[in-house]
Amino acid sequence: MAFVELEKKDQFAVLTINRPEALNALNDEVISQLDRVLDSIDPAEVRCLIVTGAGQKAFVAGADIAQMSGLTKAEGEAFGKHGNDVFRKLETLPIPTIAAVNGFALGGGCELAMSCDIRLCAETAVFGQPEVGLGITPGFGGTQRMARLIGPGKAKELIYTAWNIKAPEALSVGLVQAVYPAEELMEQAEKMAARIAGNAPIAVRACKKAINDGLQVDMDAAVAVEEKLFGSCFETQDQKNAMTAFVEKRKHDPFVNG
């Protein structure tokens, strides 16, 4: 596809938003291509996904303002729904996802990064939700995910003021998990993806579901979610393989996703 590329690397894959001439800005076509690429990912073959942007300047600089500038109310709602539907698909993808933020992650770019499970960034990265300076709200989940990730007070400060923050502050408030020199970012993201992919895939996917589903309910319901997913792992070949090897004090066979 013209704007979204998927490269498989052993047991993980790298998804790249490839529109560097527009700082990887998101328009309807880019979002549609992202949707189709996400649909093409087989969790049996891809155990972790890295999301990044092409070029040296931007992860995704935002949604395409040229497209948005003339939208009607109904068209604006439809555009927001389009982005939200695809970002939710990314967020609920069964496999773990890592955003490798290599530059500007503003507006829709920040929202895309927040839809991933883990965010790593380059020292050059810049994050923000500048929408109120353009007369709109964040439209692809920014008001919801940012408040959940860094707390409502800090999220309101950043969204109301339209301030951007650089990598060190993003790390200090918990928006990202690590900061690296730009030239090391993808190496570190791939190292993490490979480590995740090397663990029992069904168990990793169950952990993601337990965390995501559990955050939506009270603690009693959340531990019940965990109990069922914990129990389901005992039907897998990987569990029997790894636990038998542990008891026998030997290295387990490679995990087979079963």
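This briefing walks you through a sheet, a helix and the nonpolar cores of one structure.

The model is predicted, so local features need pLDDT of at least 70 and side-chain atom pairs count only at pLDDT 80 or more, while totals for chains, interfaces and linings use all residues. Residues are numbered from 1 along each chain as its sequence is written, and side-chain values use heavy atoms, with hydrogens and water left out. Helices (DSSP runs of H or I, at least four residues) and strands (DSSP runs of E, at least two) are numbered from the N terminus.

**The sheet**

- Six strands form an open sheet with mixed pairing, in the order E1-E2-E3-E5-E7-E10; two strands pair if DSSP finds at least two bridges between them.
- At the edges are strand E1 (4–9) and strand E10 (178–180), each of which pairs on one side only.
- On average, neighbouring strands of this sheet are turned by 20 degrees against each other, direction ignored; axes here are lines fitted to C-alpha atoms, for helices over the stretch in contact, and angles run from 0 to 180 degrees between N-to-C directions.
- E1 runs antiparallel to strand E2 (residues 12–17), and six bridges join them.
- Thr16 in E2 is the bridge partner of Glu5, and Leu6 stands opposite Leu15 in E2.
- The hairpin of E1 and E2 has two residues between the strands, and Asp10 takes a positive phi near 55 degrees there.
- A handy rule to keep in mind: in a regular strand the side chains alternate between the two faces of the sheet.

**Helix H1**

- With 13 residues, H1 reaches 19 Å from its first C-alpha to its last, close to the 18 Å expected at 1.5 Å a residue; the expected span is 1.5 Å times one less than the number of residues.
- Asn27 caps the N-terminal end of H1, where a side-chain oxygen lies 3.1 Å from the backbone nitrogen of Glu29.
- Val30, Ile31, Ser32, Gln33, Leu34, Val37 and Leu38 of H1 are buried (under 20% relative accessible area; exposed is over 50%, partly exposed in between, with a 1.4 Å probe and protein chains only).
- The buried residues of H1 pack against E1, E2, strand E3 (48–53), helix H3 (73–91) and helix H4 (108–114).

**The nonpolar cores**

- The largest nonpolar core has 45 residues, of which Leu49 and Phe127 touch the most other members; such a core is a set of buried Ala, Val, Leu, Ile, Met, Phe, Trp, Tyr and Cys residues joined through side-chain atoms within 4.5 Å.
- Helix H1 (residues 28–40) gives the most to this core, with five residues.
- Apart from this core lies another, of 15 residues, among them Phe12, Val14, Tyr180 and Ile196.

- Ala155, in helix H6 (residues 152–161), is buried, with a relative accessible area of 2%.
- Leaving aside neighbours within four places in sequence, Ala155 is in contact with Met146, Ala147 and Ile150; contact means heavy atoms within 4.5 Å.
- Ala167 is found in helix H7 (residues 167–172) and counts as buried at 0% relative accessibility.
- Not counting residues up to four places away in sequence, Ala167 touches Cys121, Ala122, Glu123, Ala125, Val176 and Val179.

Terms used:
Polar contact = N/O pair within 3.5 Å; in protein donor to acceptor, adjacent residues only side chain to side chain.
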